[in-house]
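Student: Could we go through this model together, one question at a time?
Tutor: Gladly; here it is.

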Amino acid sequence: MNPDLLSANLSLAFMAIIAAALLAHLSQLATRRRLLHGVYAATAAGLLYLFGEKALGWSFVPRDVLLAVYAALFVAVAGAALLRRGKGEDIPWIGLLIEQGAMAYIFAPGAYWKPPLAALLLLYFLLELFSWLKGREETRATAGASTDNRPPLYPPKRVRGAREMALAGAAAALAYVFAMGTGKVPAPPAPEEQANVEQQTAESPASSETPAESQAAEAPAPSEELKPAETAQAPEATTPPDAAPAEKPAAPEDTYTAKAGETLKTIARKLYGKADKLRALTAANPGVKPGAKLKAGQVIKLPEPPAK
């Protein structure tokens, strides 16, 4: 989960909610349900740090360490559930496993973040949020109660205490995290786009010099206007026969017509005798990958005349 996807203001609000939930769970560590509240406190601590990364810029705990901690908690909760199976304890083992797995998934690298799985976790924590806001059913054993399993005349009373509100706050925070991360994973730039950006940055110094050169070339223009007779006679002057074609000796060699199946690498070896010119040939043809096979008749620009 990338913390940059979260809102700084909402992160501060959730930090206050999660801090209150953390204190509520820590106050229950001396009771017989210390295992349950200890796991809930670990979840609250991880969420507090996650929101602190965005709101306060926290970075004192590496994310790899947090991933290892919550992966170990997931394994520990699974082991405790197997050891205490059948003892009649009122502990939601499946919910604890999903919660610790979600925390490990949050601190996992971005390559493992899959929008469909994030959407499923979002749906689960929304249901858990509504469940805790609805309240917990209070079960009381009446004196002299028999083994009668018939339903009661009145539904049991629902309790909405500090524990229920703390769990609702944690569920809301987890739902917000997965809602912001679903379908918003930052994608790395494509290799071609990155090469084009590098090429543009490399050409920017050269392009910045062209205005000065153009101004220098235009500077002697007024002196030419003072001599109209010379400008009128300029077209009549004859140029030597060898001077006219001197500007176009390399025109046919500025391009190369590829054959079917050739690549820029094979063309570099063919024309220059080695592949050292591959980088310059690739820069001259930004839309062609070095290893891509070319079509017959495709024109390739050459950075310099081929070796003879």
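Student: Which residues form one aromatic cluster?
Tutor: A word on the basis first: this is a predicted model, where local features need pLDDT of at least 70, side-chain atom pairs count only at pLDDT 80 or more, and totals for chains, interfaces and linings use all residues. Residues are numbered from 1 along each chain as its sequence is written, and side-chain values use heavy atoms, with hydrogens and water left out. Rings of Phe, Tyr and Trp (its six-membered ring) pair if their centres lie within 6.5 Å; planes under 30 degrees apart count as stacked, over 60 as edge-to-face and the rest as tilted. The cluster consists of Tyr105, Trp113, Tyr124, Phe125 and Phe178.

Student: How many aromatic pairs are there by this rule, and what is the centre-to-centre value for Phe14 and Phe51?
Tutor: The count comes to twelve aromatic pairs. Phe14 and Phe51 are stacked, with 10° between the planes.

Student: Is His37 buried or exposed?
Tutor: His37 lies in helix α2, residues 34-55, and touches His25, Gln28, Leu29 and Arg163, not counting residues up to four places away in sequence; contact means heavy atoms within 4.5 Å. Buried means under 20% relative accessible area, exposed over 50%, partly exposed in between (1.4 Å probe, protein chains only). His37 has a relative accessible area of 4%, so it is buried.

Key. Helix = DSSP H or I, 4+ residues; strand = E, 2+ residues; numbered from the N terminus.
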